[in-house]
Amino acid sequence: MSKVVVTGMGVVSAIGIGVPANLQRLRAAQSGIRLPEHVGTRYAEHMMMGEVEASDADLFAQLNLADTHGITRTELLAFMAFREAVAQAGLTDTQISASDTALISATTVGGMVQAQALYDDAHAISNATEFAASYRSGAHTLRLAQGYRMRGYTDTINTACSSSANAIMIGARLLKAGRARRVIVGGTDSLSKYTVNGFNALQILSDVPTRPFSADRKGLSLGEGAAYLVLEREDDLSERKALACVSGYANRCDAYHPSSMSPEAIGVIGAMTGALQVAGLAPSDIDHVNTHGTGTQNNDYTELFGLEQVLGTVPPFFSTKSYTGHTLAAAGAVEAVFSILSILHGEVWPSLHFTSPIEGLHHSPNTQMLAGLDIRHVMSNSFGFGGNCSSVIYSKL
Amino acid sequence: MEENALKAELKQHIIKYLNLLEMKPEDIADDEPLFGPNIGLDSIDALELTVLLEREYGIKITDPAEGRKVLVDVNTMAAYILAQQASA
Amino acid sequence: MYIHATACISPQPTFNGDFFSTGAVINSGTHYMALEPDYMGSIPLGQVRRMGRSVRMATGAAMPLLQQFQVDGIILGTTDGGMGDCHRFLDQIMEYAEGTLTPTNFVQGAPGAPAGGLALMTRNSGYNNTHSNKGLSFENALIDAQLLLHEGVVRQLLVGCVEEISDAQFNIERVAGYVKESAGPAADLLGSRTPGTVNGEGAAMFILNAEPTGAYARVKDVATYSGDSMADLSLLIKEFITRNGLETTDVDVLLSGLNGDVRTDGLYEAGSQAMPDASVIPYKTLFGESPSASGFACWYAAQAIAGHRAPIGPITPAWPDPLRHVLVHNHFQGHQHGLILLSSVA
């Protein structure tokens with residue numbers, strides 16, 4: 001069966017707009033977590049987040065969209081990343097709007113980023129605001145599809161923090177089943193009053209930049225961003241070259257608690273083991289792990305415990321959330337881009353803000369700038385609320 | 001407020017905040033562990049209880065360790081509230 | 001892909017089966033609320049207490065199925081599920097000026113909460129996914145299931161949909177012009193000739209596997225279309241029928257998502273023009289409009305194919321016999337069209 005390959009990628013995050021900008025900051029080991037300027041929340045005064053360094057006005061100006069009515073920041077980020085991905089893949093307008101081109105996207109906040117408009121419409125304060133049709137998760141997907149005149153299959157996943165990883169998996173499966181010729185997969189989320197307050201109410205936000213896998217980690221730093229990958233079958237490619245392949249994936253449920261994971265790491269272990277099985281790889285084949293690594297007590301312990309159970313000796317691993325913050329639904333796709341960059345350039349970058357190792361476990365994240373490596377297989381993990389555990393393996397072609 | 005009246009009020013609040021359907025204040029003994037098998041609260045409920053303390057009694061618990069000592073049963077919660085009110 | 005069991009909580013007495021004995025309820029007004037069963041007994045009390053309405057309805061419908069059938073995964077479609085809780089959380093944010101807030105509404109407001117909750121309650125560590133794609137959410141869930149079954153990585157799945165009417169979401173729909181200002185009885189809905197429709201809610205759940213023996217009905221194929229071109233739609237419908245080895249005359253019933261919105265009901269003629277011999281049976285007079293309305297249509301079709309028919313009434317016309325193939329054509333707000341082809345197993 002033909003491999004599922006990645007022919008284009010686009011990303012926008014706190015460490016840059018575009019793949020080259022993001023790579024540069026990774027190589028410079030420079031975190032994008034700082035006091036935000038554009039998100040309307042009182043927590044912006046003291047809580048550091050991974051904000052994209054652009055206002056909505058900046059993004060509008062860069063995009064030059066025909067119809068700007070009711071467009072939210074979540075959509076603006078999506079358009080930025082989508083545009084880059086399809087350009088790199090060399091897709092023509094005709095190909096994008098072909099009926100066998102599918103779009104699988106993901107978001108958690110969607111248009112709810114417009115908190116005041118949402119409140120006003122929900123209370124029917126007056127006439128509908130311009131955002132009345134923009135709030136739902138699926139609205140941004142429809143907007144992307146309409147903007148690019150896409151006629152093919154669309155889907156939107158919302159499983160919280162594992163959403164875009166699940167989107168990527170579905171894209172791969174659609175291609176393998178011959179139900180699409182190419183699939184654009186990914187996700188988007190913007191910083192919002194809604195999510196800041198939600199995570200604050202759960203008391204899992206860190207008041208310092210997140211310290212993934214550190215003994216004294218205090219929680220997560222929120223982030224925002226968007227990323228899209230163009231997936232195609234290798235056999236369909238003729239001349240164009242692909243970047244990497246999606247060789248394995250699995251989705252399992254931890255089934256323990258709505259917002260924390262089991263001590264036995266059932267879902268984590270199940271997802272990683274499942275991904276290895278689909279890829280036909282042994283644990284020792286994994287050269288690098290791009291962890292979920294949110295910096296919460298629960299996630300980092302459970303994830304590392306799970307990694308040790310499944311992989312034994314864990315290869316160099318890190319958390320890119322120490323650079324970008326937790327980009328929620330976009331995380332799986334943003335981290336897919338970083339995983340593929342790792343493969344393409346043979347590099348593993350340092351996990352930032354690491355202090356000291358977690359007691360009771362046996363590994364620490366990579367804190368060195370590693371280059372000149374042969375990175376054949378990268379495992380990327382994304383775990384969401386509701387016990388949703390997803391693991392995807394990207395491999396060198 | 002007088003201690004017994006406070007405990008009765010606290011039970012009403014707990015039932016309301018946590019939406020403990022079919023439970024009445026008299027079903028909650030003063031020393032019944034809130035996180036034990038009978039009432040069966042979990043970590044999210046613990047967060048709800050800290051909000052209850054702030055909204056109803058103006059008391060903020062910021063240290064999780066302190067929270068674990070206070071949120072044991074109605075007795076410990078009432079004692080904490082009274083102590084905070086006395087020192088205010 | 002075969003339907004082996006179903007459960008449905010809806011504005012009709014579909015959960016306890018009265019729909020097939022005493023018949024349909026003729027709802028009135030702009031929102032058809034679900035007839036919820038008494039959950040005491042089927043859902044642990046400790047769980048019910050913090051559940052938002054959509055989590056409750058999804059759980060109420062799915063739990064009996066999950067207690068009877070082992071599944072390797074749970075896949076739901078929902079767009080407005082959890083909206084009530086989302087808005088309660090937003091209201092808290094505004095009321096308390098971002099102060100100390102209770103987290104339950106935030107957690108329960110996530111669209112993934114019903115599927116996650118079901119896995120939690122049944123300790124199901126298999127595949128778990130939630131599609132939240134406005135009017136295609138249920139079709140997306142079905143296709144997700146089809147892909148998994150086709151790969152042979154799962155044997156049996158729970159697939160379903162859930163939607164809830166919340167004051168907040170209802171207001172948003174109303175100010176955006178998607179709900180009628182007022183509406184009379186359901187029997188008059190389709191002749192209303194005014195813009196907007198009426199909302200419905202509930203949960204429809206299915207146990208699916210690849211085994212024909214003992215199934216209610218077969219889900220033969222699922223397709224989607226985004227757009228509002230009649231020409232494209234007609235072509236799609238004809239191709240959909242043909243690629244399944246059928247003639248348009250083989251489709252006995254066109255289960256049509258007509259919802260009384262004068263602006264977009266015309267698009268349903270694509271189906272009736274392609275299949276002039278099929279009986280057109282509407283379902284939104286029973287279930288109301290919601291982003292996952294096709295899930296309720298699927299329930300209605302599967303039951304009819306298995307021989308369960310509601311007494312004939314103003315909004316429950318007769319189904320033809322034999323019932324070989326049923327095509328569900330649903331669209332949401334004119335732009336997102338779903339086609340589901342259901343067939344008898346015999």
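Predicted model: local features only at pLDDT ≥ 70, side-chain atom pairs only at ≥ 80, totals over all residues.
## Chain B: fold

Read along the sequence, chain B runs α-α-α-α. The chain has four helices and zero strands.

Residues are numbered from 1 along each chain as its sequence is written, while chains are lettered from A and ligands numbered from 1 in the order in which they are written.

The C-alpha trace of chain B spans about 35 × 25 × 20 Å along its principal axes.

Of the 88 residues of chain B, 26% count as buried. Buried means 20 or more other C-beta atoms within 10 Å of the residue's own, with C-beta atoms placed from the backbone. Take the contacts in chain B between residues at least 6 apart in sequence: 52% join residues at least 24 apart. A contact requires C-beta atoms, placed from the backbone, within 7 Å.

## Where chain C meets chain B

11 residues of chain C are in contact with 11 residues of chain B. On the chain C side, helix H2 (45-48) and helix H5 (104-108) each supply at least two residues. H2(C) gives the most, with three residues.

By class, this side of chain C has five nonpolar, four polar and two charged residues. Nonpolar covers Ala, Val, Leu, Ile, Met, Phe, Trp, Tyr, Cys and Pro; charged covers Asp, Glu, Lys and Arg; the others, Gly among them, are polar.

How values were computed. Contact = placed C-beta atoms within 7 Å. Buried ≥ 20, exposed ≤ 12 C-beta atoms within 10 Å, placed from the backbone.
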